[in-house]
Amino acid sequence: MMVYNAARMKDAGMNFVKEAAMTKLFASQVAERVASLAVEIFGGYGFSKDYPVEKYFRDAKIGKIYEGTSNMQLQTIAKMLLGGSNASSSLAPCA
């Protein structure tokens, strides 16, 4: 729902930077948590390249860093909530 809301706002020409940052932050946190739980469920096999869980865990970790660090997303959200005027320029446009 968060993704659809941000997309709807973008399509309507509204400022969607805060919603996009919130969505990216939430998605990266959920992906990392779920992948971590999956590794725990698989036990030692969770770290073996024989199972896709290992790749999901690596992808979730790198997604947190590569797609705009969580700290950058938090900073963007805070600027937008506090009314910072430069907040929209600190977030790269979503394609």
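**Figure 1. Phe 47 in the loop between H2 and H3.** Phe 47 lies in the loop that joins helices H2 and H3, where helices are DSSP runs of H or I with at least four residues and strands are DSSP runs of E with at least two, numbered from the N terminus. The model is a predicted one, in which local features need pLDDT of at least 70 and side-chain atom pairs count only at pLDDT 80 or more, while totals for chains, interfaces and linings use all residues. Residues are numbered from 1 along each chain as its sequence is written, and side-chain values use heavy atoms, with hydrogens and water left out. Phe 47 counts as exposed because its relative accessibility is 58%; buried means under 20% relative accessible area, exposed over 50%, and partly exposed in between, with a 1.4 Å probe and protein chains only. When its neighbours within four places in sequence are left aside, Phe 47 is in contact with Val 39 and Glu 54, contact meaning heavy atoms within 4.5 Å. The C-alpha atoms of Phe 47 and Arg 58 are separated by 9.8 Å, the two residues being 11 residues apart along the chain.

**Figure 2. Glu 54 in helix H3.** Glu 54 is found in helix H3, which covers residues 52-66, and with a relative accessible area of 11% Glu 54 is buried. Its side chain makes a polar contact with the side chain of Arg 58 at 2.6 Å; a polar contact is a pair of N or O atoms within 3.5 Å, of which, within protein, one must be able to donate a hydrogen and the other to accept it, and residues adjacent in sequence count only if both atoms are side-chain atoms. Apart from neighbours within four places in sequence, Glu 54 is in contact with Gly 46, Phe 47, Ser 48 and Lys 49.

**Figure 3. The packing of H2 against H3.** Two packed helices are described by the angle between their axes and by the distance between the axes. The axes of H2 and H3 come within 9 Å and cross at roughly 155°, the axes being lines fitted to C-alpha atoms, for helices over the stretch in contact, and the angles running from 0 to 180 degrees between N-to-C directions. H2 and H3 are therefore roughly antiparallel to each other, given that angles under 35 degrees count as roughly parallel, over 145 as roughly antiparallel, 65 to 115 as roughly perpendicular and the rest as oblique. The crossing of H2 and H3 is left-handed, a term used if the near helix is turned anticlockwise from the far one by less than a right angle, with right-handed used if clockwise. On the H2 side the contact is made by Ser 28, Ala 31, Glu 32, Ala 35, Ser 36, Ala 38, Val 39 and Phe 42, and on the H3 side by Val 53, Tyr 56, Phe 57, Ala 60, Lys 61 and Lys 64. These residues divide into 9 nonpolar, 2 polar and 3 charged, where Ala, Val, Leu, Ile, Met, Phe, Trp, Tyr, Cys and Pro count as nonpolar, Asp, Glu, Lys and Arg as charged, and the others, Gly among them, as polar. Arg 33, also in H2, is exposed, with a relative accessible area of 51%; Arg 33 and Phe 57 are 24 residues apart in sequence and 9.1 Å apart in space, C-alpha to C-alpha.

**Figure 4. The packing of H1 against H2.** Helix H1 (residues 2-11) and helix H2 (residues 17-42) have axes that come within 9 Å and cross at roughly 155°, and H1 and H2 are therefore roughly antiparallel to each other. H1 passes H2 in a left-handed crossing. Met 2, Val 3, Asn 5, Ala 6 and Met 9 of H1 make the contact with Glu 19, Ala 20, Met 22, Thr 23 and Phe 26 of H2, a set with 7 nonpolar, 2 polar and 1 charged residues. Lys 10, placed in helix H1, is partly exposed, with a relative accessible area of 42%.

**Figure 5. The packing of H2 against H4.** H2 and helix H4 (residues 70-81) pack at an angle of about 145°, with their axes 9 Å apart, and H2 passes H4 in a left-handed crossing. From H2 the contact involves Val 17, Lys 18, Ala 21, Met 22, Lys 24, Leu 25 and Ser 28, and from H4 it involves Ser 70, Gln 73, Leu 74, Thr 76, Ile 77, Met 80 and Leu 81. By class, these residues divide into 8 nonpolar, 4 polar and 2 charged.
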